[in-house]
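Subject: Structure handover and findings

Hello,

Here is the structure you will be taking over. My notes on what was found in it follow below.

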Amino acid sequence: MEVLFAALEGTSPAQALRGSRWAYAGVNAVHIFAIALLVGSVVPLNLRLLGAWRGISREAVVRVLAPVAASGLILALLTGTLLFSVRAREYSGIGFLQLKLTFIAIGVLSALALCLSHGFLLKDAPRMRLVGHAVLSTVCWLGALACGRLIAFAGD
């Protein structure tokens, strides 16, 4: 893995980000925006799955918030990879990053499993399955958010 991480650090985008404070700051800002889209969509979606806002159909909430969350996830993965590439070997050893990636993987796999089992709008999903997913999803995304912030405090 060391060779892979060293190669990642040697890529043109990684070198450009290391060489420009403003480019790195810009990518970091976009990463924060992406996380805001993701977590800002997932939390209300999960609250609806838990039973909040019963006057609004679950399908309507899913139809609006799921694509926003997916867009935020894709953008966060792209920008996160760029940020990681700047110091991949150093970051790879940080426990908070490893935990963050675990939370992200579980959150994504849980959402995919739910949608594959019950369709995008979750029309036939049993209530307990939705509740279980909402709790797990909330823990994963808030956990990833917290771990992401703690990465800054884990280095030297």
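Two residues are in contact here when heavy atoms of theirs lie within 4.5 Å. This is a predicted model.

Core

By that contact rule, and leaving aside residues up to four places away in sequence, Leu 65 touches Ser 41, Pro 44 and Leu 45. Both Leu 65 and Leu 45 belong to the largest nonpolar core, which has 12 residues. Other members include Leu 49, Val 61, Leu 114, Leu 121 and Ala 134. Helices H3, H4 and H7 (127-150) each supply at least two residues of this core. H4 gives the largest share, four residues. As general background, nonpolar side chains in soluble globular proteins tend to be buried together.

Val 42

Val 42 is found in helix H3. With a relative accessible area of 9%, Val 42 is buried, because buried means under 20%. Not counting residues up to four places away in sequence, Val 42 touches Ala 69, Ser 137 and Trp 141. Val 42 and Ser 137 are 95 residues apart in sequence, yet their C-alpha atoms are 7.9 Å apart in space.

Aromatic pairs

How many aromatic pairs does the structure hold? There are two. In one of them, the ring centres of Phe 5 and Phe 84 are 5.5 Å apart and the planes stand at 80 degrees, so this pair is edge-to-face. Phe 5 lies in helix H1 (residues 2-9) and Phe 84 in helix H4, so the pair ties together parts that are 79 residues apart in sequence. Phe 84 also pairs with Tyr 91; that pair is tilted, with 6.4 Å from centre to centre and 35 degrees between the planes. The relative accessible area is 15% for Phe 5, which is buried. Phe 84 is buried at 18%, and Tyr 91 is buried at 13%.

Salt bridges

A search of the whole structure finds two salt bridges. In general, side chains of opposite charge can pair when their charged atoms come close. Arg 89 forms a salt bridge with Glu 9, and the closest N and O atoms are 2.4 Å apart. Arg 89 lies in helix H5 (residues 88-92) and Glu 9 in helix H1, so this pair ties together parts that are 80 residues apart in sequence. Glu 90 counts as partly exposed at 40% relative accessibility, and Arg 87 is partly exposed at 37%.

Surface

Leu 47, Leu 50, Trp 53, Ile 56, Val 135 and Val 139 make a nonpolar surface patch of about 520 Å². Ile 56 lies in the loop between helix H3 (21-49) and helix H4 (58-86). Ile 56 has a relative accessible area of 44% and is partly exposed, because that class runs between the 20% limit for buried and the 50% limit for exposed.

Regards

How values were computed. Residues numbered from 1 in each chain as written. Predicted model: local features only at pLDDT ≥ 70, side-chain atom pairs only at ≥ 80, totals over all residues. Heavy atoms only, no water. Patch = residues over 30% accessible without salt bridge, like charges linked within 9 Å, V, L, I, M, F, W, Y side chains within 5 Å. Areas by Shrake-Rupley, 256 points an atom, 1.4 Å probe, with all protein chains shown as cover. Salt bridge = Lys/Arg side-chain N within 4 Å of Asp/Glu carboxyl O. Buried < 20%, exposed > 50% of the residue type's maximum accessible area, 1.4 Å probe, protein only. Core = buried A, V, L, I, M, F, W, Y, C linked by side-chain atoms within 4.5 Å. Phe/Tyr/Trp six-rings, centres within 6.5 Å; stacked < 30°, edge-to-face > 60°.
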